[in-house]
Amino acid sequence: MSTHAKRERLLLADLLEAAGPDAPTLCEGWSTRDLAAHVVVRERRPEAAGIVLGPLKSRLDRVQAEFAAKPYEELIRLIRTGPPKMSPFAIKQVDEASNTVEFYVHAEDVRRAQPGWTPRELDPVFADALWSRLERSARLLGRKAPVGLVLRRPDGQTAVAHRGAPVVTVTGEPGELTVYAFGRQDAAQVEVEGDKEAVDRVGRAQLGMG
């Protein structure tokens, strides 16, 4: 049976291929080529992808630039075929745990940066899988929120992303809440409730893993 991560991987590859190498994405400063290189480096050069801060970050930048210089078709092929057998990501359970949300968010980075995009309807099983992961990671994703932040599904289920006052409540489907919590607030189709100043501050905040 296909996993969520595998389906999202193939969808991401299809979207990148259809958009071409020079299309915009929601990742600031990144074209589709840059995003494709990031995905490949993360899976195939984890020793470089793990360097995100400090003076050694230049190594990551250099490795990613090397991959971005490869033919775009090769990058798409590497995404589709997945990591090498010796990579931890080649283990199904690791792939599912690490890549389901990663690939979903990046697929939306491509989709939502294009003109005329429309919301994607997620099947209930996948929506629940995203919500489960969002519940577990909400505190990490919302740690830089400047005020209290609560994520809420339309059925009333909630996850506290940041404790504090005043409180901003963001309501939406799991896929939209995931986009919001990963720092793409302007691209998420959600309802945001709270004090106007607090809502504005959360909208500008650096949410997500960065």
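Which residues touch the most other members of the largest nonpolar core? They are Tyr104, Leu134, Leu149, Leu151, Val168 and Val170, in a core of 30 residues. This is a predicted model, in which local features need pLDDT of at least 70, side-chain atom pairs count only at pLDDT 80 or more, and totals for chains, interfaces and linings use all residues. Residues are numbered from 1 along each chain as its sequence is written, and side-chain values use heavy atoms, without hydrogens and water.

**Nonpolar cores**
- A nonpolar core is a set of buried Ala, Val, Leu, Ile, Met, Phe, Trp, Tyr and Cys residues joined through side-chain atoms within 4.5 Å; buried means under 20% relative accessible area (1.4 Å probe, protein chains only).
- H7 gives the most, with 6 residues.
- This core lies between domain 1 (3-113) and domain 2 (136-204), because both give residues to it; the domain bounds come from an automatic or database assignment.
- A second, separate core of 22 residues includes Val39, Phe67, Phe103 and Ala107.

**Aromatic rings**
- The whole structure holds 1 aromatic pair, where pairing requires ring centres (Phe, Tyr, or the six-membered ring of Trp) within 6.5 Å, with planes under 30 degrees apart stacked, over 60 edge-to-face and the rest tilted.
- The ring centres of tyrosine 104 and phenylalanine 126 are 5.9 Å apart and their planes are at 75°, so the pair is edge-to-face.
- Tyrosine 104 and phenylalanine 126 are both buried.

Note on methods:
Buried < 20%, exposed > 50% of the residue type's maximum accessible area, 1.4 Å probe, protein only. Helix = DSSP H or I, 4+ residues; strand = E, 2+ residues; numbered from the N terminus.
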